[in-house]
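Trainee: I would like to look at the open spaces in this structure. Could we go through them together?

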Amino acid sequence: APWIEKSLENFATEHPDIKVEHEDLTEGYYDRLNVMLASATLPDVVNLRSFDMYDWWRMGNVHSVSPFLDADPDLDAEDMVDAIMASCLYEGEYWGMPYDASVEHCYYNKAMFDAAGVEVPSDTWTYDDMLAKAQALTDPATETYGFARFPPYGDWQAEPWYLSNGVNIINEDRTEWTMVGEKAEEMLQWLIDLDKVHGVTPPAGAPSDINFFVVGKGAMYISGQWEIPGNRDAITDFEWDVAAFPTGPAGHKPITHGGTYVMYAKTKVADAAWQLQRWITAERDFQMNVYGASGYSIPALKEVAAEAWLAPLKNES
């Protein structure tokens, strides 16, 4: 919240003719958003997940931003992270702007790897490499697992696994479910076997209040960048790091979805709404300070993404 407040103050300085009222909805955000949508009380600019955008577009609830992009001499669609920007494109027009990208990667306990004499993950490691490391780091006698938690496979975080095995969840026209067939079944079986065959994870579907990674009982786990700040605060007893998501048979596919800001279709101040939408998604101020500095998010603006990723380390030094 302090980062957002400061950046909006900077926006007001640069755009004194535009008044911004920021409404911070937390608990039950999407339920409340749907109520506002049904009652036509949405704000002019709305934070929305990329995978929700198609339904909003289909029902005519979002305003095209293509005219603004086309008229902007300093901003182009290619300036944004490709995969997430593409999710905003329907029938030749962009209906939103991404502000971040959700990227799956591997958290690993470097101390456990060193103690076991196992080489830490590299940027080019594969699924087979990952399984071999997990097996070497699993010790049933001490209830220590190669994976601190079972990899996500039942929600949107499963997408990188399937994409890297050559499986798309849905076709490009968004008219047909395509996560079926031999390759999809193969990937799901591979994940289930981590528990049922190899025993390198806590039992799948067995909820636990214990974070095996934080307490040093799990060598690695797959999740997104949003867990970086929490791990930085919680882990004080061992050295940990992150590595790239492993490469599967169909390549390296770590991006799942992203956050976007859309303009409400019924806005009466489209020009002003665009200026705010652009500030949040495509200006260094908001992208670097709100999304990059904490390590919580990968900014969608390419020119700051790599720099923002390292910002917490630079600040600590």
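Trainee: What volume does the largest pocket have?
Mentor: The largest pocket has a volume of about 1500 Å³. This is a predicted model, in which local features need pLDDT of at least 70, side-chain atom pairs count only at pLDDT 80 or more, and totals for chains, interfaces and linings use all residues. Residues are numbered from 1 along each chain as its sequence is written, and side-chain values use heavy atoms, without hydrogens and water.

Trainee: And what is a pocket here?
Mentor: On a 1 Å grid over the protein atoms alone, a pocket is an open set of points where a 1.4 Å probe fits, with protein on both sides within 12 Å along at least five of seven lines; lining residues have an atom within 4 Å of a point.

Trainee: Which residues lie nearest the centre of the largest pocket?
Mentor: I4, H22, N47, Y261 and Y291 do, out of 46 lining residues. The elements giving two or more residues to that lining include α1 (2-14), β1 (45-49) and α11 (270-282), and β1 provides the largest share, 5 residues.

Trainee: What about the second largest pocket, how big is its volume?
Mentor: Its volume is about 990 Å³. Its lining has 26 residues, with S87, E159, I170, R174 and T256 nearest the centre. Among the elements that give two or more residues to this lining are α3 (53-58), α8 (159-163) and β8.

Trainee: Back to α11, why is it called largely enclosed?
Mentor: Because 10 of its 13 residues are buried, meaning under 20% relative accessible area with a 1.4 Å probe, protein chains only. W274, W279 and R278 are among the buried residues of α11.

Technical notes:
Points joined across faces, edges and corners; volume = space filled by probe spheres on them. Helix = DSSP H or I, 4+ residues; strand = E, 2+ residues; numbered from the N terminus. Buried < 20%, exposed > 50% of the residue type's maximum accessible area, 1.4 Å probe, protein only.
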